[in-house]
Number of protein chains: 2
Amino acid sequence: MNAELLDGVLSGDFRALARLITLVENDSPEAMPYLRVLYRNTGRCFTVGITGAPGSGKSTLVDQLTGFYRRQGKKLGIIAVDPTSPYSGGAILGDRVRMQSRSLDPGTFIRSMATRGHLGGLARTTGDVLLVMDAAGFDIVLIETVGVGQDEVDIVQTAHLTLVLLVPGMGDDIQTMKAGLMEIADVFVVNKADHPGADRVDAEVKALLSMTQRQDGWTPPVVRTIASQGQGIEECGQAIESCREFMQKSKFHRERTIAVQKDRLLDLARTRILQELLRDRAIEERLADLARRTLARDLDPFSAVEELLGASRLRKTAAEE
Amino acid sequence: MNAELLDGVLSGDFRALARLITLVENDSPEAMPYLRVLYRNTGRCFTVGITGAPGSGKSTLVDQLTGFYRRQGKKLGIIAVDPTSPYSGGAILGDRVRMQSRSLDPGTFIRSMATRGHLGGLARTTGDVLLVMDAAGFDIVLIETVGVGQDEVDIVQTAHLTLVLLVPGMGDDIQTMKAGLMEIADVFVVNKADHPGADRVDAEVKALLSMTQRQDGWTPPVVRTIASQGQGIEECGQAIESCREFMQKSKFHRERTIAVQKDRLLDLARTRILQELLRDRAIEERLADLARRTLARDLDPFSAVEELLGASRLRKTAAEE
């Protein structure tokens with residue numbers, strides 16, 4: 001472990017931060033000792049997941065909320081895991097220019113993450129990146145994702161609070177919300193509130209909310225914004241802060257935190273076991289052989305996995321202990 | 001194992017099929033012996049993943065393709081993992097009526113799947129459901145998903161062939177496609193081809209395709225349809241069949257099949273290990289304790305997981321062998 005890199009991260013140096021996050025993203029074994037040490041310095045950062053369909057204005061809202069928190073003197077991190085985000089590469093010119101001006105601010109750290117090829121899932125990697133940013137002293141981290149799909153839901157659930165962005169004229173998309181995001185939204189934002197149909201989206205969300213009762217007793221507010229003009233941002237920021245205060249006082253949320261932590265440990269355990277399994281070269285060859293035999297229908301995959309686990313170093317090591 | 005249930009599935013009885021799939025979906029240990037036996041009867045079914053944004057007309061196209069294959073006398077299965085699909089519950093009246101008429105056809109089996117709460121991931125569960133349908137003698141299975149998010153991509157990749165549905169006027173969505181679905185699409189369909197902007201979508205996709213060269217040498221065709229009127233369905237079905245023939249002759253695809261199978265076995269191994277871990281009651285208590293200690297920052301989660309794995313029955317059992 002490089003003491004300079006560790007100190008750099010702990011003192012919030014952006015170059016050190018970027019270097020360590022790259023190690024974390026690459027699942028490098030080098031990252032592990034840092035994560036272990038840094039963990040003790042975490043627990044202060046508040047994380048907000050921001051999700052919505054492509055084109056709903058997530059990046060513009062993230063940009064405006066960054067302004068909101070910067071005016072309060074807060075240190076702010078942004079993680080973009082949305083392939084359409086200007087922060088992660090897919091964007092039109094105006095967005096890119098805005099992003100660049102933001103990235104010159106020494107109180108704002110921006111990191112985009114690739115959405116594919118993470119061993120053990122993107123949600124875990126995002127969790128580890130959050131750990132590093134937390135230890136580096138950020139007050140707030142905003143995580144931007146496209147709001148459909150299990151993996152996005154998992155990522156958003158690594159955040160303390162989830163903001164769901166809606167826009168007028170979504171039509172069928174409200175159906176999708178019902179099925180998935182409705183349950184996880186702590187704050188709703190109707191963006192592009194000057195477009196026709198804003199009243200309808202607002203009314204639909206409120207109607208859906210009135211039919212459900214959350215276990216924690218919180219009623220998600222519906223805030224209207226025109227993010228591109230900075231309108232409604234103060235109200236949006238206040239809604240986030242109100243929800244944060246509510247959660248911090250809530251017994252339900254303290255208990256939920258333990259349940260979430262248990263899930264994280266299990267997820268970590270699963271990844272750890274797989275890594276240990278693959279470290280053994282003989283297993284790799286065995287795996288190719290088993291793949292061929294199962295494809296030929298000489299063997300079913302469930303029996304194949306038992307063979308594989310029986311032969312693994314994990315078990316052998318354990319037997320030698 | 002119930003011999004009647006097994007025979008029912010193997011002879012393609014829909015009630016037996018539905019019963020076994022429910023066991024599979026619930027991750028019931030009862031399902032395992034059936035999956036082991038049925039596996040030897042698989043390998044004949046061809047699977048097509050159909051994906052696209054909400055409102056792009058996936059269900060209507062699925063319905064029309066069902067007609068296409070039924071006219072050829074094929075036995076057809078449909079798995080809907082799209083929360084906006086009429087098959088999985090979220091739909092407008094017209095869709096529901098169409099679904100009901102289709103579900104009366106004895107040559108078509110429809111199954112919708114919940115998108116949350118699957119231990120080990122929805123993709124694995126979908127894979128097991130496919131296994132059962134394959135063994136039950138279906139010629140074709142269509143899998144319908146909403147096309148954003150890692151989990152959806154994983155599900156689609158359990159299919160032999162992926163069809164991506166586009167509609168005119170998507171705007172920003174093409175950006176999303178570029179980042180994710182573009183790489184996995186084997187056939188493109190521009191649906192609602194009578195809407196303004198159809199030429200533009202068509203041209204954009206072709207431009208993107210001309211910039212990339214697939215490793216297998218296949219050039220994904222772009223087919224135009226008006227699924228609601230049954231137009232272009234024949235061409236769409238032919239495009240699927242051409243791609244299927246190409247893949248079956250391709251050395252690249254034979255090799256890829258082995259790589260995919262290795263991934264599946266590893267994924268199965270990971271789930272198996274986790275299940276074995278949780279079977280031990282003492283581990284459950286240990287886990288709650290570790291969650292509390294890590295939340296208090298007395299211990300980092302990585303060391304916690306090592307403690308957990310060290311205490312697991314998996315290791316103990318191995319040591320006793």
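Predicted model: local features only at pLDDT ≥ 70, side-chain atom pairs only at ≥ 80, totals over all residues.
Two strands pair if DSSP finds at least two bridges between them. In chain A, 7 strands form an open sheet. Their order is E3-E2-E4-E1-E5-E6-E7, and the pairing is parallel. Strand E3 (108-112) and strand E7 (222-224) of chain A stand at the edges. Each has a single partner strand, so one side of each is left without a neighbour in the sheet. Neighbouring strands of this sheet are turned by 20 degrees against each other on average, direction ignored.

Now take strand E4 of chain A, residues 140-146. In the sheet order, E4(A) sits between E2 and E1. Start with the E1 side. Strand E1 (residues 46-52) of chain A runs parallel to E4(A), and 7 bridges join the two. A:Thr47 has A:Val141 as its bridge partner in E4(A). Further along, A:Ile50 stands opposite A:Glu144. Then turn to the E2 side. Here 5 bridges join strand E2 (residues 76-80) of chain A to E4(A), again in parallel. In this pairing A:Ile78 stands opposite A:Leu142.

How many residues of E4(A) are buried? The count is 7 of 7, so a residue here has 20 or more other C-beta atoms within 10 Å of its own. In a regular strand the side chains alternate between the two faces of the sheet. Both faces of E4(A) are covered. On one side lie A:Ile140, A:Leu142, A:Glu144 and A:Val146, all buried. On the other lie A:Val141, A:Ile143 and A:Thr145, which are buried as well.

Next comes a helix. Helix H4 of chain A covers residues 58-71. At 1.5 Å a residue, its 14 residues should span 20 Å. The end C-alpha atoms are 20 Å apart, which agrees. H4(A) is mostly covered, with 10 of its 14 residues buried. Among the buried residues are A:Lys58, A:Ser59, A:Thr60, A:Leu61 and A:Val62. A:Asp63, A:Gln64, A:Leu65, A:Thr66 and A:Tyr69 are buried too. After H4(A) comes A:Gly73, whose phi is positive, near 75 degrees.

Chain B also holds an open sheet of 7 strands. The order is E3-E2-E4-E1-E5-E6-E7, with parallel pairing. Its edge strands are E3 (108-112) and E7 (222-224) of chain B, and each pairs on one side only. The twist averages 20 degrees from one strand to the next. Within this sheet, 4 bridges join strand E5 (residues 161-166) to strand E6 (residues 187-190) of chain B, which run parallel. B:Leu165 has B:Val189 as its bridge partner in E6(B).

Which strands does helix H4 (residues 58-71) of chain B lie across? They are E1 (46-52), E2 (76-80), E3, E4 (140-146), E5 and E6 of chain B. H4(B) runs at about 175 degrees to E4(B).

Last, a contact between the chains. B:Ile258 has its place in helix H11 (residues 251-278) of chain B. It touches A:Ala288, A:Ala291, A:Arg292 and A:Leu295.

Conventions
Residues numbered from 1 in each chain as written. Chains lettered and ligands numbered in written order. Axes fitted to C-alpha atoms, helices over the stretch in contact; angles between N-to-C directions. Buried ≥ 20, exposed ≤ 12 C-beta atoms within 10 Å, placed from the backbone. Expected span 1.5 Å × (residues − 1). Contact = placed C-beta atoms within 7 Å. Lists of a residue's contacts leave out its neighbours within four places in sequence.
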